[in-house]
Amino acid sequence: MTIALKINGKTVSVDAPPEMPLLWVLRDEMHLHGTKFGCGVGACGACTVHLDGAVARACLTTVGQVGSREVTTIEALHEHPHGEALQAAWVAHDVPQCGYCQAGQLMAAAALLQKNPKPTVADIEHNMVGNLCRCGCYERIKAAIGQAAGVEA
Amino acid sequence: MAMLDRRQLLLSIGAAAGGGLCVGFSLDAQARAGAEAHIGDYVIVQSDGGVKILAKAPDVGQGAKTLLPMIIAEEMDADPSRLTIDFAPVDKAYGDQSVGGSTTTPLNYMPMRRVGASVRALLVQAAANRWKVDPAQLTTQNGAVIDATGGRRLTYGALAADAAQLPAPDVTALKLKDPKDFRLLGRDHGGVDTPKLVKGEPIFGLDADVPDLHYAVYVKSPVPGAKLISADLDAVRAQPGVTHVFALDGMDPGAGKLIGLAPGYAPGVAIVARNWWLANRARQVLNARWDDSAGAGHSTDVYAQKAKALLEAPGQTMASHGDVDAALAGSTKRVQANYSAPFLAHIALEPQNCTARPTADGGVELFASTQVATSARSLTAKTLGLPLEKVTVHMRRGGGGFGRRLMADAAVESAVIAVKAGVPVKLVWSREDDIAHDYYRPPVWMSLEAGLDASGKVVAYKARGVTVSRDGKTPATGAGVAMDAAPGLMAATSRTEQALIPTIIPTGWMRAPVSNALSFVHESFWDELAHAAGADPVAFRLAHMRAHAGGATAAGGEGAFDIQRLANVLEEVAKRSGWAQCNLPPGTGMGVASYFSHRGYFAEVAQVRMTEHDDWHVEKVWVVGDVGSIILNPINAHAQAAGSVVEGLSHLRCEVAFKDGKTVPSNIPNFALARMPQIPQIDIHFLATDHPPTGLGEPALPPLLPAVANAIFAASGARVRDLPLTPERIRAARALQTT
């Protein structure tokens, strides 16, 4: 079935059943590999994307459910109002170890700053709890979000 | 020259098959004139002076891809602003291309320095030839050779083509820098892939993409080697998008060897489709039935019963010093306790996967997230009956290793499936597959008994341990009950006994194998002994370490366990944490532990606050480590130590259970892996000592578990001796506590 999607500012047509998760349409059909597969059940956050700017887990969102909402992936993070600041902070703090979770972390962080530009530490922890980092980079993720937001974290 | 370095150097020379050849210059190294000059196997200099340095080892987040080229860049005096780094090809020229065991630094530090020094020597010689001067009068700096007397310089770019033509220098004549002259090593260097990672560039194994790519799942029984009885292949074939479906009988490695470490692969059904979701969905109609009978009785509760019985009788003596039975009999006070730690799953965030492409010459090309690139290649070749030259492995960044990626099982599976299907195949394990088909951290059950004399000194330390075994005679892969250095040595006499439970459950190496469980056991028990003696846990340990310092520094020289180094980090962490002064509110406590593993000496203090419903929160952890004379990349070293602490928190709360050889079907929600709100403040400090630098992937993990367990005891009076350290167990322990 042909489905029209708005991805990173462009309208694309994909041939996919409506029940197919957005994650696999992005990765295997559109070859956008930045969004990662970690669990498939929405528990790890590695597949975090934005739908109309809000956090969504692409493994749990079917392409049929997307509708007319704008999908933003890590590949377009630099265009997000907080994207470049976050990416620069991530580099300054040398956040990633393996890096596999980091696209999801960045997308979750960007959505947080969009709705709450000056989060407290508790705000950060609460909003980022769904993003698992198996390597344990949490201290630096927090510090980098703080730097991007201009707050202590 | 340290013993390990010499062996590695000799191995490298041996691999290059000839005397007098230098590390990093294989016989068939090509020198190319023109745009790029390959100066040996590791360094490519462009005529504009750009330098590409190849990283010989895989990177799964521990920083090998950044570190190894940096060492070369340092000794060759490359201009760091002109550097790019790439993975090396997987080729004999690079020796064993594996990472694990915290060995990347200790095994590669000197060899990579020699590579860099060799490249520098050739560039200097090239300049000397051009200027017709003695190379000894030339120096190098920042990507150029300088002749101070002649007031002239030549960039590496200008010299590269000439240098590439020169024969490899004499390794015995190489001059290495004095570490005090290091300009790169010892300073912070961000990960070389970080700029790509924050943009989502597709650099992981799971991101590999080739033309005509198909996607596969491989459906197996979790019971190893279980044969397929029946499956509805036709129903799968009829599913949308499915291109191939076939059953494979597998190949048994034989002689008790493990798939993933020996040639072979498990029986299963491959489902290949035009995208992964369709392949994975199609398994719902497969209705595979397996002969799982070999799994009967291999269950968590059955093993616990067996262990209980085995702990009641003497085991096989593995190590001893002095007469522990006499010392126990003569002791004033005896303390006894039983401890246990369960099976654990690795759960690296990138599930097992590999992409394989059959090649025109009948070979196969792999794109692998692996810790063992060399082995992935050789095992694939042997399994498929191919000459090594027909198997190419491209190293991809790994989304976490933790020891799971020491097994090349997924790589071999992908090659077998792709070759049979005749198309390029990306094999991806679902997370459920990844947990069900792990090589688990093995369990351990221990009965400890110690005797104290009238002055409160530990005169006897008896450890009887049970773990699992595949062959019935030796512990399974990654398993062990052998007393790591300090715990027994700190007592006047000791003995370790071992008993084994036969298992078919595959086990493997989990970050800090054996130590990750034994540290919890021994350092919790030493805490119990301190309390039994009415002594402060830090002072108690230090007194025992000092009493045995002389005997415990074995005559093995560099690399042998040195109890004084352990005492030093323990003293330092006590100071930094304000141990003696601690004045904490009720319900908060501090605990301490020290442990030696993977050549590293670490001591940690944890400050824990009891929370609602007998749960616990770690507020702060102080870590002090001794890994030798220099921290080569401090920003990465801190990340490794902090990551080890966070992983230790996960180990305290997780377990995997088995019923008849199979895990309970599970995914990430079933595991209490550490999340951001649980993370303590972490203070990390390294003591520099006059020893060759050693690794940091693992040694900061073991002390975390007992430090936290001891802090929970201090905070609540609850002594929990069985992992995971759940609120239920704390509640039960509290109910038992005596004042």
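## A walk across two chains

Start by selecting helix H6 of chain A and helix H18 of chain B: A:Tyr138, A:Glu139 and A:Arg140 of H6(A) meet B:Ile635, B:His638, B:Ala639, B:Ala642 and B:Val646 of H18(B). Here contact means heavy atoms within 4.5 Å, and helices (H or I, at least four residues) and strands (E, at least two) are DSSP runs, numbered from the N terminus. Sort those residues by class and you get five nonpolar, one polar and two charged. (Ala, Val, Leu, Ile, Met, Phe, Trp, Tyr, Cys and Pro count as nonpolar, Asp, Glu, Lys and Arg as charged, and the others, Gly among them, as polar.) The axes of H6(A) and H18(B) come within 9 Å and cross at roughly 120°. Axes are lines fitted to C-alpha atoms, for helices over the stretch in contact, and angles run from 0 to 180 degrees between N-to-C directions.

Before you click on, know that this is a predicted model, where local features need pLDDT of at least 70, side-chain atom pairs count only at pLDDT 80 or more, and totals for chains, interfaces and linings use all residues. Residues are numbered from 1 along each chain as its sequence is written, chains are lettered from A and ligands numbered from 1 in the order in which they are written, and side-chain values use heavy atoms, with hydrogens and water left out.

**Stop two: stay on H18(B).** Which residues make the contact? Show B:Val645, B:Gly648, B:Leu649, B:His651 and B:Leu652 of H18(B), then B:Leu704, B:Leu705 and B:Val708 of H19(B). Six of these are nonpolar, two polar and none charged.

**Stop three: back to H6(A).** Select helix H5 (residues 121-128) next to H6 (residues 138-149) in chain A: they pack at about 120°, axes 11 Å apart. H5(A) and H6(A) are therefore oblique too. Look for A:Val121, A:Ile124, A:Glu125 and A:Met128 of H5(A) against A:Ile141, A:Lys142 and A:Ile145 of H6(A).

**Stop four: zoom out to the interface.** Colour by chain, and you'll find 59 residues of chain B in contact with 50 residues of chain A. Together the chains bury about 4,500 Å², 61% of it on carbon and sulfur atoms; buried area is the accessible area (1.4 Å probe) that two parts lose on being put together, summed over both. Pick out B:Trp277, B:Leu349 and B:Met676, which supply 19% of the area that chain B buries against chain A, more than any other three residues.

How many salt bridges are there between chain B and chain A? The count is five, where a salt bridge is a side-chain nitrogen of Lys or Arg within 4 Å of a carboxyl oxygen of Asp or Glu.

**Last stop: inside chain B.** Select B:Lys177 and B:Glu74, a salt bridge at 2.6 Å, N to O. B:Lys177 sits in the loop between helices H4 (156-165) and H5 (194-197) and B:Glu74 in helix H2 (residues 64-76) of chain B, so the pair ties together parts 103 residues apart in sequence.

Then hop to B:Pro724, in the loop between H19 and helix H20 (727-736) of chain B. A cis peptide bond joins B:Leu723 to B:Pro724, with omega about 0°.

Methods
Parallel < 35°, antiparallel > 145°, perpendicular 65-115°, else oblique.
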